[in-house]
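The sequence and the model are shown below.

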Amino acid sequence: QEQLVESGGGLVQAGGSLRLSCAASGTIFGINWMSWYRQAPGKQRELVATIYTSDGSTTYADSVKGRFTISRDNTQNTVDLQMSGLKPEDTAVYYCNAYMKSHTHQWHEYWGQGTQVTVSS
């Protein structure tokens with residue numbers, strides 16, 4: 001069974017840094033993209049960053065540009081999110097997301113269970 005597992009969340013002071021990691025496991029025949037989303041209390045889930053397998057291109061939400069960096073290890077099927085210059089408004093549950101070709105040879109969107117990031121002022 002394919003799944004995504006995140007790690008690396010925690011509590012950090014404003015201005016600090018955290019690195020989130022996500023590992024895809026199971027029988028995976030391909031990954032189109034891997035992304036990070038976040039959801040703050042009372043708010044909708046929002047896309048933070050995406051990295052595409054085909055060319056390694058990346059996209060970022062305006063709110064994190066210049067502070068967050070998404071990267072992948074294609075050989076390990078992992079994606080990281082390096083977060084710097086953290087602000088209290090970055091506090092949220094962060095979710096890993098990927099579009100993967102599973103053991104059934106079907107493409108599906110997968111979600112991790114989420115990891116809490118809390119930034120104190």
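The model is a predicted one. Tyrosine 99 belongs to strand β9, which covers residues 92-101.

Setting aside neighbours within four places in sequence, the contacts of tyrosine 99 are Gly30, Ile31, Asn32, Trp33, Trp107, His108 and Glu109. From serine 7, tyrosine 99 is 92 residues away in sequence, and the C-alpha atoms of these two residues lie 19 Å apart in space.

## Aromatic pairs

There are 3 aromatic pairs in the structure. One of them joins tyrosine 99 and tryptophan 107, with the ring centres 5.4 Å apart and 20° between the planes. That pair counts as stacked, because planes under 30 degrees apart are put in that class.

Tryptophan 107 is partly exposed, at 36% relative accessibility. Ring pairs also bring Trp33 into the picture: Trp33, Tyr99 and Trp107 are linked into a cluster.

## Arginine 45 over two rings

Two aromatic rings have arginine 45 over them. For tyrosine 95, arginine 45 lies over the face of the ring, at 3.8 Å from the ring centre. For tryptophan 111, the charged end of arginine 45 sits over the ring at 4.7 Å from its centre.

## The four-stranded sheet

An open sheet is formed by 4 strands, in the order β1-β3-β8-β7, with antiparallel pairing. Its edge strands are β1 (3-7) and β7 (68-73), each of which pairs on one side only. From one strand to the next, the twist averages 15°.

Between β1 and strand β3 (residues 18-25) there are 5 bridges, and the two strands pair in the antiparallel sense. Within this pairing, leucine 4 has alanine 24 in β3 as its bridge partner. Serine 7 stands opposite serine 21, also in β3.

## The two faces of β1

In a regular strand, side chains alternate between the two faces of the sheet. Which residues of β1 are on the covered face, and which are on the uncovered one? Leu4 and Glu6 make up the covered face of β1. Gln3, Val5 and Ser7 make up the uncovered face.

## Alanine 23 in β3

Alanine 23 is a residue of strand β3. With a relative accessible area of 33%, alanine 23 is partly exposed. Not counting residues up to four places away in sequence, alanine 23 touches Gln3, Leu4, Val5, Asn77 and Thr78. Among them, Gln3 and Val5 belong to the uncovered face of β1, whereas Leu4 belongs to the covered one.

Alanine 23 and serine 63 are 40 residues apart along the chain, and 25 Å separates their C-alpha atoms.

Is arginine 67 buried or exposed? Arginine 67 has a relative accessible area of 15% and is therefore buried, because buried means under 20%. The position of arginine 67 is in the loop between β6 (58-60) and β7.

Leaving aside neighbours within four places in sequence, arginine 67 is in contact with Gln82, Met83, Ser84, Gly85, Leu86, Lys87 and Asp90.

Note on methods:
Residues numbered from 1 in each chain as written. Predicted model: local features only at pLDDT ≥ 70, side-chain atom pairs only at ≥ 80, totals over all residues. Heavy atoms only, no water. Pairing = 2+ DSSP bridges. Axes fitted to C-alpha atoms, helices over the stretch in contact; angles between N-to-C directions. Buried < 20%, exposed > 50% of the residue type's maximum accessible area, 1.4 Å probe, protein only. Contact = heavy atoms within 4.5 Å. Phe/Tyr/Trp six-rings, centres within 6.5 Å; stacked < 30°, edge-to-face > 60°. Lys NZ or Arg CZ within 6 Å of the ring centre and 35° of its normal.
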